[in-house]
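I set down each item as I looked it up.

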Amino acid sequence: MKEPLVYINGNFIEKSKACISVFDHGFLYGDGVFEGIRAYNGYVFKLKEHIDRLYASAHSIMLKIPISKEEMIKAIIETLRVNSLKDAYIRVIVTRGEGDLGLDPRKCKKPNIIIITEKIEVLPKEAYERGARVIISWIRRDRIDATSHEIKSLNYLNSILAKIEANVFNADEAIILTTDGYVCEGPGENIFLVINDELLTPPTYTGALPGITRQVVMEIAKNNNINVREKLITVHELFNASEVFFTGTGAEIVPIVEISGRKIGDGKPGKTTKFIIEEFKKYVADPKNGIPIY
Ligand code: PXG
């Protein structure tokens, strides 16, 4: 069988041979940025938005990506083409590059650019049908004046610790709070609540990633006369919401039916959640929301 090809700095390398140096600061320190993107039926969904976010993340950590946004878009499209893909999960990674064993990023002269196109399953399939059972993790979101998750950096240990906690308790996923105890997001998902028929989501100043799926869900809500707004959310409000769901490129939209042992609503995916899922499917299938691969 033909091996998938991975883009590394302009070259296409077979997956089993696609390697970068152990001296790369992305590997040594999580020093770099990334994006997770999806292609649906031959169109890369919200590609421009993902690229803008990638370059914004890089800007914040003072990492100069050596190719332009247009070249990056071309490279992603080309990677999908050489792999003959129409539907895919795309991971774009830009690392600080090879340096020495010290922390100083000035030692890293050339960022590495990697593009992987793959399939991904973020949560088990059953979680989508019956709804996810999640726990609130003891680990708090990194603060906005620390390694804020507004920046999509390679430093994901904060999220992984929460994921480990979910695994320990056999839960499908974790919810992460801010250091003040407000609801923030999932390890790789934003979160929404329905209270009194209104859709609520935490503001990104809680340290949550400004998610592209989150943005799309807010747009879908507005277009369908569902009130939606950003609001600081307490755990009490979360437990008593009539519906809760996660959003993310990898996860897409996941109903949440149980949080730390408390049933949410009637314990089944709610009507607003189901409506948003259906509208989201239509939205991603619309060519005007993506960039064509072929
Ligand atoms: N919050 C965080 C911290 C994320 O990493 C989202 C929210 C959702 O954002 P988008 O733009 O995708 O709607 C993410 C998404 C995974 C996985 O396996 C997810 C993400 C990154 C890596 C892995 O679920 N990011």
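Are Phe192 and Phe245 buried or exposed? I found both Phe192 and Phe245 buried, where buried means under 20% relative accessible area and exposed over 50% (1.4 Å probe, protein chains only).

I worked on a predicted model, in which local features need pLDDT of at least 70 and side-chain atom pairs count only at pLDDT 80 or more, while totals for chains, interfaces and linings use all residues. Residues are numbered from 1 along each chain as its sequence is written, and side-chain values use heavy atoms, with hydrogens and water left out.

Entry on aromatic pairs. I noted six aromatic pairs in the structure; rings of Phe, Tyr and Trp (its six-membered ring) pair if their centres lie within 6.5 Å, with planes under 30 degrees apart counted as stacked, over 60 as edge-to-face and the rest as tilted. For Phe34 and Tyr156 I read ring centres 5.1 Å apart and planes at 75°, so this pair is edge-to-face. Both Phe34 and Tyr156 are buried. Phe192 belongs to strand 10 (residues 190-195) and Phe245 to strand 13 (residues 243-248), 53 residues apart; strands (E, at least two residues) and helices (H or I, at least four) are DSSP runs, numbered from the N terminus. I also recorded a cluster of Tyr40, Phe45, Phe280 and Tyr283, linked by ring pairs.

Entry on helices. The axes of helix 2 (residues 47-60) and helix 3 (residues 69-82) come within 10 Å and cross at roughly 125°. I took axes as lines fitted to C-alpha atoms, for helices over the stretch in contact (heavy atoms within 4.5 Å), with angles from 0 to 180 degrees between N-to-C directions.
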